[in-house]
Amino acid sequence: MSEPCNCPEPSSDEALVFDEDGEIVRPPHHAGPVTSPLLGPCPIGALDGSWLLEVVPKTLFSPRLRGPMRIEVGASSLRVSGDMYSQRSHVLDPVGPVIPPIVSPALNPDDDADTAPSDVADDLVVFPLPPPWYPSFPKSQYSWYFRSHGATYVNGTLTVQIVRHLWNRATQEFVSTDHGTLVLTCRRSLVAIAIRPLVMQGTLTIGGTVSTIKATKTSTFYRGCRIEVDAMVNRNFPASATIGSGAVATFRSIYATAGWDVTVVTDAINIPNDASLTNAELAVLLSSQPQPATGEGWRLWLFVGSASGTLFGIMFDDDLVPREGAAGFADARLSSDAVIAAAARNQPLNNVPAAFLRTLVHEAGHAFNLFHPKHDVHQPAIGIEIMNQTGDVIGFASTANPYPNNAAFVFSDHDRTSLIHSPDPQVRPGWKNFGWGHGSLSAGLPAPVDVGGLSATDDANGLVLNLSMPQQAFVGEYVTAEVELTNTGDGPRHVTSLLTLAEGDLVFLRTTPNGALDHVLDVALGCGPRPLVVLQPGQSITNRVQVFFTNQGVTFTMPGRHTVVAQLEADAMTTVYSEPVTIDIRTPGSDKEVTISAKTLTRGVGRALALGDFANDEAARAVLTDLAESHADTDTGAASALVMANSLARSFTDFRADRRRNAAPKEAARFLDLALDGRSAERAVELAVTVASPTEKDAPVVADTLARIRKNRPKASARARAKADGTADVASAEQIAEDFVAPQAR
Amino acid sequence: MSAGLQLVLRAAAPLPIDECLVMVVTLEAGSEASTVSARLNLIEGDLAVAVDGPSGQTARCVWPWPVDAMPRWVELAPGQRLAGALPLLATDTSSPLFPSPGEYTVTATFDAAPGAAVSSAPVSVRRTPPDAERRAAVLRERDVLQSLLSASVLGAAADGFVVLESSRTTTTRTLSALALDRVVDLVASVDPDDDRSVADVVAAVSAVLPGGFADADPRRAAIEPLVGRRLEEQALFRGAPF
């Protein structure tokens, strides 16, 4: 939906060359003749619009890789961008009967489309002509984004140099870039009207591989969204408005100028009156709207409400699923300034359709992650286009050209380009938070990866991985995490029981406060067969791990917010990720915390806490003893005591030095008592299983802790009092110990 | 239009990170009268704050929800001032603005008029270790931070407000009371002769329901009898020059 291209139709092999910004750099010149009397190269204008780009799978097991591609053909420019989504093909499942369904995009009229190359003669098949649609896929399948860095169009062949930005599903960020080439050939019949969607065939060269690709045109627009409008009683959604030029504008026509196909649907117009609305009330209205989200089509809720202070509108939705709703306030009044059109002075927006329509389009623009120019890091000019605040547009009004007549009902070039070409996570409602992506995309060294991107595997359908960690800790504090895998599907699943950081199936992906990404694993890594456990529907397996000292050293030494995602290879075909959790690491705040931190931030102590044994490190032994004796009321002190109990319950031989440390059961028992004192049975065993090395299922500290807990059970007289919680506490502790040895499905 | 305008951040006393910080900012006219934006608040988009932390990071503090609004103008006579209050709780992405104890530097920038931005001198703020770790944890929760800023209870913030009831500062209790719509109880608990408490209430209310913007909000009406006799507090509450 761009301006008609002034470029001549390349009915021969005329070459049109576009630079990295998409601008034309070489005028066309005439060359050879058309090769076929019936098929000729498509005019360049035919490329303009939305396409479904599919990588043809090389084998039955190849990931299904497809996504939207947008080709913007301007008067003297050509820009291409796209978002690719991958999903593993579950043709065979070697470990169980459950085959997660392959999710197809909503609005896709051709779900069963063959991805094999089709004959161009298909273009001559007559009916039906599908309506415009916009390829959209589950966010969990997002793999990479690309944009053009130069292009040529000659004799029906589009060659695009692309920069690919690889998406990390765990961190939900772009992590690196590489480069490739997209070649697509477009032929069209010269003698018949093609009413089947236009199809291009070609190749994608990237990551050292060449793939066959197919592109199917889906619309002459670039993106589409359904706008669902609810209105409070006596407040009106301005279906149309006469603007300063005398033209009639609608919500749809304004977005059409940015190449967006927006469908506005008015749902409820009888939301009960409330003179003043808070963000919480707006959030409740959004969450309680009667139209449930279905499929993957983009949608946005727009509310026509009464008032919120003196605001004209607000994009109020910035929660964990952000940018799904925005609101305009019909009762807000224009001022009586001379630069306000006479008929609009001191009028509520409800009575000034052009002003209200502008505000509603503006708020929806925020939901598509557009900024006010004055707040945009790209520093576009402040002006009279849609995304300027009304106040700023009024700043350009005069008595001769008053507001809203002076407003331009179009998006600025900067915003238009963002709407068309910014990555899906930035633009699609309900994905990244407001403001994301307005800096440059993450840079970094390009990594050699295949066409499937970094995440060629899928989020697992029917399996949910939960990660629990403390919300905060101080530098040097002992930190543990709980991992739980649940079968939420309809059939049994065979999954790994290795929910530890030491055996390869589980890894924590940690993003530090400065944005660096680490893979967090145990300091001891074991290799062996993958024991499987059967999870019936609704069942879970659980385990606890320490994350104080890992392959990263002391894991959390940098104050600030760390984000952690657990990634589990649940079976040979399935990778499942947890939702990201955050842990705020702060500097020690009290004298006690300072003391603990000073003692734990040494490599020897860290290794002892990770391995459950101080081995031959006498300095670490002394520090652990001190921590256990002085700070057993804290988890860090208790963990230290449990390491001492574990170490001293067994002998240790330093074979290189030919020295042996004998077991000291009485000392071990004393440290065990320190760890148990004042601590619930459940927490004591949680700490015991985390200090024990995951590869040492027979670590004495687990059995000894459980035995001591059982021994300390309330006697008959006290049992009645403690029955309600004490018995449950011991039972819970027994389960945790059991799960340490071999996680049980429950 | 902005000749001689000065933006001044009032210094704040050291404050534990388990309490809410509201700072007062004033725009001071020079020797000439100036017509300036009256939107000296975070909500309407003319004011922004940068906070430099102890580990070298800089956070941006603006209202987390983008809004559209009319301009509001006020005439400042020579020597006159306009006061606003800044809720310094969260970054523009609703993360804690002061994540850990330490020395921070705060700088405010105000679009006083088109093309006439004015910045304050940097002011040091010392955030000390929390008195109550649970309360500090609550003040790191996104829903709680957004609730305090929006003066309403969002998402899963309700439980956090139970914890905030133990706060020792008037500022935190006022922001909580506004979110929970318990302003009457708040007013009853404040000694009107305690100038410090009254000033804190006025600043907290002005930070999230500023005068000139939220005049019709009934919670402001409930607070109004408490507004002290001091000219500056009255002006801050009403968003009027003084």
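Predicted model: local features only at pLDDT ≥ 70, side-chain atom pairs only at ≥ 80, totals over all residues.
Residues are numbered from 1 along each chain as its sequence is written, chains are lettered from A in the order in which they are written, and side-chain values use heavy atoms, with hydrogens and water left out.

**View 1. An open sheet of six strands with mixed pairing, in the order 16(A)-13(A)-17(A)-19(A)-18(A)-7(B).** Strands (E, at least two residues) and helices (H or I, at least four residues) are DSSP runs numbered from the N terminus, and two strands pair if DSSP finds at least two bridges between them. The edges are strand 16 (260-266) of chain A and strand 7 (67-69) of chain B, each of which pairs on one side only. Neighbouring strands are turned by 20° against each other on average, direction ignored, the axes being lines fitted to C-alpha atoms, for helices over the stretch in contact, with angles from 0 to 180 degrees between N-to-C directions.

**View 2. Strand 18 of chain A and its pairing with strand 7 of chain B.** These two strands run antiparallel over three bridges, and Leu311(A) has Ala69(B) as its bridge partner. Strand 18 (residues 311-314) of chain A is also joined by two bridges to strand 19 (residues 325-329) of chain A, again in the antiparallel sense, with Gly313(A) partnered by Gly328(A).

**View 3. Helices of chain A that lie across strands of the sheet.** Helix 2 (residues 279-287) of chain A lies across strand 17 (299-305), strand 18 and strand 19 of chain A, at about 130° to strand 17. Helix 5 (residues 413-421) of chain A lies across strand 13 (223-231) and strand 16 of chain A, at about 105° to strand 13.

**View 4. The contact between chain A and chain B.** Counting heavy atoms within 4.5 Å as contact, 42 residues of chain A and 36 residues of chain B take part. The two chains bury about 3,000 Å², 54% of it on carbon and sulfur atoms, where buried area is the accessible area (1.4 Å probe) lost on being put together, summed over both parts. On the side of chain A, Thr310(A), Asp318(A) and Arg586(A) lose the most area to chain B, together 16% of what that side buries.

**View 5. A salt bridge between Asp584(A) and Arg140(B).** The closest N and O atoms of this pair are 3.7 Å apart, and three salt bridges are counted between the chains, each a side-chain nitrogen of Lys or Arg within 4 Å of a carboxyl oxygen of Asp or Glu.
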